[in-house]
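Work through the exercises below with the sequence and the coordinates open. Each task is followed by a solution in steps.

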Amino acid sequence: MSNNTQHSVSSSIQNAVKTVEKSGLPLVQILLGGQAGIILVSLLCQQYNPFNSVPEEHPFLYILWALGTGVISLLMMTSCLNILKNARAGKLITWKEALKAASGRFWKVAGASVWYIFLMWLVFLLFGFIALAVVVIIYSIYPVASMLVGIIAAAAAIWLFVTTLLGAVFSIYAVATGEKDVFNALPYSYDLLKQNYWHLFKLGIIFGLIVALFSTMIGVIQLFIMPLYMVNTLLGIAATWLLSLPCTVINSVVALSLIYELYAGAKRTPKTQPAQN
């Protein structure tokens with residue numbers, strides 16, 4: 001990693017930490033309440049035992065779980081983004097104000113999320129068909145070259161995934177913070193990406209790895225909690241609330257603050273200016 005990239009990552013992380021500090025208690029309140037709600041819905045729909053096979057044995061409970069956790073997640077994300085946005089502007093809003101703003105934009109954010117994710121997977125589906133056809137055609141003509149084409153296709157897939165994911169996330173953030181509507185958020189987000197593409201691409205990968213690391217740690221903790229349900233259901237539930245909940249909140253703070261910093265950083269980079277650190 002170059003010195004410029006290291007400095008950029010360090011500065012972005014410092015900015016994210018400062019924004020979280022400015023956000024104060026409302027950010028923690030929203031995340032605690034939201035994650036607690038998700039855990040509660042999950043426990044209820046799984047009949048207080050995560051080993052129960054909800055999708056196969058209880059399709060109604062699975063639908064209820066998917067809708068309940070989805071609604072809570074969107075409200076939690078939108079509320080937190082508005083808290084972070086106001087904190088960067090030097091204004092602290094309460095969790096009630098953030099939740100009220102999130103409720104008013106709920107359907108827009110839900111529609112944007114479904115639409116952008118659909119477009120992202122449609123792009124991947126088309127890319128997959130085209131890449132497979134090219135590999136098969138080249139293999140039929142010159143088998144040795146097909147391996148090289150496969151490697152190039154894999155690299156292109158990684159590039160396409162990061163680019164489309166950043167575009168979708170930026171678009172959802174723009175809608176969630178009330179800066180853009182659903183249909184003009186996507187071109188707006190790609191305009192942001194074009195201004196300083198490779199800088200944002202590198203930061204996106206690094207921040208993604210940081211978030212993935214924290215998520216893996218949460219997964220390991222949950223693996224240790226799961227066997228407790230086999231010993232005693234109440235013991236498993238207590239461990240979930242005492243261990244999983246605070247760790248999940250920390251993970252959410254890290255993910256939201258880093259990715260929002262990436263989005264906010266893209267907005268303050270002029271079009272004519274190269275990557276600055």
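**Exercise 1. Contact range and overall make-up**

Task: For contacts with a separation of 6 or more, find what percentage joins residues 24 or more positions apart. Then list the secondary structure and the buried percentage.

Solution.
Step 1. In this predicted model, 78% of the contacts with a separation of 6 or more are between residues 24 or more positions apart.
Step 2. The protein has 10 helices and zero strands, and its pattern along the sequence reads α-α-α-α-α-α-α-α-α-α.
Step 3. The chain has 277 residues, of which 40% count as buried.

**Exercise 2. The nonpolar core**

Task: Determine how many residues the largest nonpolar core holds, and which of them have the most contacts inside it. Then assign the core to helices.

Solution.
Step 1. The largest nonpolar core has 57 residues. Y116, F170, L256 and Y263 have the most contacts inside this core.
Step 2. Two or more core residues come from each of α1 (3-23), α2 (25-45), α4 (59-88), α6 (106-141), α7, α8 (182-195), α9 (197-231) and α10 (233-267).
Step 3. Helix α10 gives the largest share, 12 residues.
Step 4. Take Y263 and set aside its neighbours within four places in sequence: its contacts are F170, Y173, A174, T177, E179, Y188 and L192.
Step 5. As background, nonpolar side chains tend to be buried together in soluble globular proteins.

**Exercise 3. Two helix pairs**

Task: Classify the packing of α7 with α9 and of α4 with α6, and name the residues that meet.

Solution.
Step 1. Two packed helices are described by the angle and the distance between their axes.
Step 2. The α7 and α9 axes cross at roughly 95° and come within 10 Å of each other. Helix α7 is therefore roughly perpendicular to α9, since the range for that class is 65 to 115 degrees.
Step 3. On the α7 side, W159, V162, T163, L166 and F170 take part; they meet Y197, W198, L200, F201, G204 and I205 of α9.
Step 4. The α4 and α6 axes also come within 10 Å, with a crossing angle of roughly 110°. So α4 is roughly perpendicular to α6.
Step 5. Here V71, L74, L75, M77 and T78 of α4 meet F106, V109, A110 and S113 of α6.

**Exercise 4. The surroundings of T164**

Task: Locate T164, decide whether T164 is buried or exposed, and list its contacts.

Solution.
Step 1. T164 belongs to helix α7, which spans residues 143-176.
Step 2. The relative accessibility of T164 is 9%, so T164 counts as buried, the limit being under 20%.
Step 3. A polar atom of the T164 side chain lies 3.2 Å from the backbone oxygen of F161.
Step 4. Not counting residues up to four places away in sequence, T164 touches M120, V123, F124 and Y190.
Step 5. F161 is also in helix α7, but is partly exposed because its relative accessible area is 36%. The C-alpha atoms of F161 and F124 are 7.8 Å apart, although 37 residues separate the two along the chain.

**Exercise 5. Cysteines**

Task: How many disulfides does the structure hold, and which accessibility class applies to C80 and to C247?

Solution.
Step 1. The structure has zero disulfides.
Step 2. C80 has a relative accessible area of 0% and is therefore buried.
Step 3. C247, at 22% relative accessibility, counts as partly exposed.

Notes: Residues are numbered from 1 along each chain as its sequence is written. This is a predicted model: local features need pLDDT of at least 70, side-chain atom pairs count only at pLDDT 80 or more; totals for chains, interfaces and linings use all residues. Side-chain values use heavy atoms; hydrogens and water are left out. Helices (H or I, at least four residues) and strands (E, at least two) are DSSP runs, numbered from the N terminus. Buried means under 20% relative accessible area, exposed over 50%, partly exposed in between (1.4 Å probe, protein chains only). A polar contact is a pair of N or O atoms within 3.5 Å; within protein, one must be able to donate a hydrogen and the other to accept it, and residues adjacent in sequence count only if both atoms are side-chain atoms. Contact means heavy atoms within 4.5 Å. A disulfide is a pair of cysteine sulfur atoms within 2.5 Å. A nonpolar core is a set of buried Ala, Val, Leu, Ile, Met, Phe, Trp, Tyr and Cys residues joined through side-chain atoms within 4.5 Å. Axes are lines fitted to C-alpha atoms, for helices over the stretch in contact, and angles run from 0 to 180 degrees between N-to-C directions. Angles under 35 degrees count as roughly parallel, over 145 as roughly antiparallel, 65 to 115 as roughly perpendicular and the rest as oblique.
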